[in-house]
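Hi,

Here is the structure I promised to pass on. Have a look at it first, and then read on for what turned up.

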Amino acid sequence: MVVDDIQKESFKYAVVQYLDAISGLIGLIIYTSVLSVTDVGLYFTGLAVFIIGSAGSRGLYDAVKKKGSEDDKNLSTYFSIALVGTVFYTIIMIALTTTGYVLLKSDSLPIEYNIPIALLYGIIIRFVASGLFRSLVTAYDGEGNIATGGYYNLLRGLLETILQIGLILLVEANIFYLFLGSAVSTVIISGFMIKDLSHVNIKRFSKSDVISIKDFGLWNSLSSTLLTVEHRLVTIILALVNPAIAGIYGAVIRTTKPALYVPSSLSQTLFIETSFRKSKDESISDKIPMATKYASVLSIPMLFGAIGFPTDILSVLYSSEFSEGGPILISMSIAVIMRSQSYILSGYLYGSDMAKSVTKSTAINFVASISILLVGIQLIGLDALLISLVVSRFLHLIYLYRTVKSICEFSLNRDIIYQFIASALMLAMIYGQKALFNMDSYVIIVFVSINALLYFAFLMILDNEFYKMVSEKISGHV
C-alpha cells in the first residue's frame, strides 16, 4: 500500500488546501486595495494566461506520478523525465507567450492593446519557477505522500503572500512584483524540497521510458486543458452578452470552489493507491464507496445553504451588485455536488490507466456546457447558464459512472443520504432563524457559521460511521 491511510492522507491534504486558500484571500484583499482596478485586471489576465498555458503540462506530471507509484524503484527515472519535460514545455510556453505579446503590440490587429512589458516578464518568470516546483511535488505524489506536497505548497503560498505584500508596499505598487513574489517564494521552497528529496536522484532514462507514459500524458493533458478552458470560455461568452453576469459568475466560482477541496484530495490519494494496487493485480474498488460518500460532505450542505441564503451570501461577501446571482449560486452548487462525485470516479479511472475515458467524459462536459449556453442564450437568455451548469455536469458524471461500472462492481454509497437529511434539517433551522432574526450585513456570516456547525452535529447524530471517524480523529489529536 503506497498510501498508508486514504482518509487520513486526504484529510491532511484538504486542510493544507484550505489554509493555502485563506492565505491567498488575505493577499488578494490587501493588494487589491493598493493597486488600481486596471492593474488588478492585468494581473488576473496574466494569471489566466499562465493557468491556461500550464494546463497542458498536467498530463506529464500525472503520468510521471502514476508510473512512479507503480514501482518506487523507478521513481527517480520518471522524476527525471518530469524535469526534462518541464524544461522543454517551459521553453515552448515562453515562446508562445512572447509571440502573443508581440502580436498584440503590433499594428497587424485591428485593435491595439496597451499591455505593459512587465506583464510578459511576470508570466515568464512564473512559468520558469512553477515548472521546477510542480516536478518536485510530483515526486512526493509518486511516493504516496500527497499531504507532504500540499504542505510545501502551503509554505510556498504563505511566503508568496508575504513577499507580494512586502514588495508592493515597500518597493513599488507594480503588478510585476506580484509575479516576482510568487516566483521567488516558489524557488525558495523548491530548495527545501530538493534537500528533502535527496533520495530521489536525476538519472538517465530511455526512449521506452518516455513512450510508456506518452498515451496517458496526452489524454490527461487534453482533459485538464478542456476543464481549464471551459470556465474561462463561459466567462468570455457571458461577458459579450452581459459583463455584470460574467463578474457574478466569476464570484460564484470563487465562492463554491472550497467545497471541491475534499473531493480533490480524495481523488488524488485514490489515484495513487489505485495505480499502485493495479500494478500488483490487487483490487481497490472497496475504497470507492468511502470516497464517494465523503466527496460531497461540504457541497451538499452548501446547496441547501444557498437555497436558504440565495442572495445574502454574495451580497455580504462582495457587494449588493452581486445579489442577483442567487440562482447562479444554487445551480453552481448542484453542479459542484456532481463534480465532487466525478472527481472520485476520475481518480479511480486515472489510477486504472484509463485516462482516455476521463478525457471523453470531459469532452462531453465541455461540448454540452458551451453548446447549451450558446444556443440557450438565443432562446431563453441568460437563464441558459443555469441549465448549462447542471446538464453538462450531469452528463459528465453519468459517463464516468457507467465507465467505472463496466470495469468493477461499484455503486454509490447509500449513506450519502444522511448528508442530504442533515442539510435539510439545517435548512429548516435557517428558515426559522430568518423568521426570528434580522440578518443584515456581516451578521449573516455568524448565522452561516452556526448553521454549518448544526449540519455537522445533525450528521454525527444520523451517521454512526461519520461519528466514529470524527471521534477517532479528535481523540488522536488530544
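The largest nonpolar core has 52 residues, and those with the most contacts inside it are I213, I288, I344, L345, Y348, V404 and F466. By nonpolar core I mean a set of buried Ala, Val, Leu, Ile, Met, Phe, Trp, Tyr and Cys residues joined through side-chain atoms within 4.5 Å. Buried stands for under 20% relative accessible area, exposed for over 50%, and partly exposed for anything in between (1.4 Å probe, protein chains only). Helix α14, residues 326–351, gives this core its largest share, 7 residues. Helices here are DSSP runs (H or I, at least four residues), as strands are (E, at least two), numbered from the N terminus. Apart from this core lies another one, of 27 residues, with L226, V234, A259 and V336 among them.

Before going further, a word on what you have: this is a predicted model, in which local features need pLDDT of at least 70 and side-chain atom pairs count only at pLDDT 80 or more, while totals for chains, interfaces and linings use all residues. Residues are numbered from 1 along each chain as its sequence is written, and side-chain values use heavy atoms, with hydrogens and water left out.

Leaving aside neighbours within four places in sequence, Y348 is in contact (heavy atoms within 4.5 Å) with L270, T274, K278, I284, I288, V404, I407 and C408. I344 sits in helix α14 and counts as buried because its relative accessible area is 0%. Not counting residues up to four places away in sequence, I344 touches P263, L266, S267, L270, I288, A291, T292 and A295. Take L266 from that set: I344 and L266 are 78 residues apart in sequence, yet 6.8 Å apart in space, C-alpha to C-alpha.

In the loop between α14 and α15 (355–380) you will find D353. D353 is not a glycine, but its phi is positive, about 65 degrees.

Helix α12 (residues 299–308) is worth a click too, as it is mostly covered, with 9 of its 10 residues buried. The buried ones are S299, I300, P301, M302, L303, F304, G305, A306 and G308. They pack against α9 (243–256), α11 (288–295), α14, α17 (417–436) and α18 (443–462).

Now for the empty space. Rolling a probe the size of a water molecule over the atoms shows where such space is left. How many cavities of 30 Å³ or more does the structure hold? It holds 1, and about 80 Å³ of space lies in the largest cavity. A cavity is a set of points, on a 1 Å grid over the protein atoms alone, where a 1.4 Å probe fits but cannot get out; lining residues have an atom within 4 Å of a point. Grid points are joined across faces, edges and corners, and the volume is the space filled by probe spheres set on the points.

The lining of the largest cavity is made of F50, S54, S57, Y61, T86, Y89, T90, F127, S130, G131 and R134. These divide into 4 nonpolar, 6 polar and 1 charged (Ala, Val, Leu, Ile, Met, Phe, Trp, Tyr, Cys and Pro are nonpolar, Asp, Glu, Lys and Arg charged, and the others, Gly among them, polar). At least two lining residues come from each of α2 (37–55), α4 (75–105) and α5 (117–143), and α5 gives the most, 4 residues.

A bit more on those helices:

- α5 has 27 residues and reaches 41 Å from its first C-alpha to its last, close to the 39 Å expected at 1.5 Å a residue (1.5 Å times one less than the number of residues).
- Of the 27 residues in α5, 20 are buried, and the helix is followed by G144, whose phi is positive, near 90 degrees.
- S80 has its place in α4 and is buried, at 2% relative accessible area; beyond four places in sequence, S80 touches N201, I202, K203 and F205.
- V40 belongs to α2 and counts as buried at 11% relative accessibility.

Last stop: I175, in helix α7 (residues 175–196). Is I175 buried or exposed? I175 counts as buried, since its relative accessibility is 3%. Not counting residues up to four places away in sequence, I175 touches L35, D39, L42, Y43 and L119. I175 and L35 are 140 residues apart in sequence and 8.0 Å apart in space, C-alpha to C-alpha.

Cheers

Terms used:
1 Å grid on protein atoms, 1.4 Å probe; cavity = no way out; pocket = protein on both sides within 12 Å on 5 of 7 lines; lining within 4 Å.
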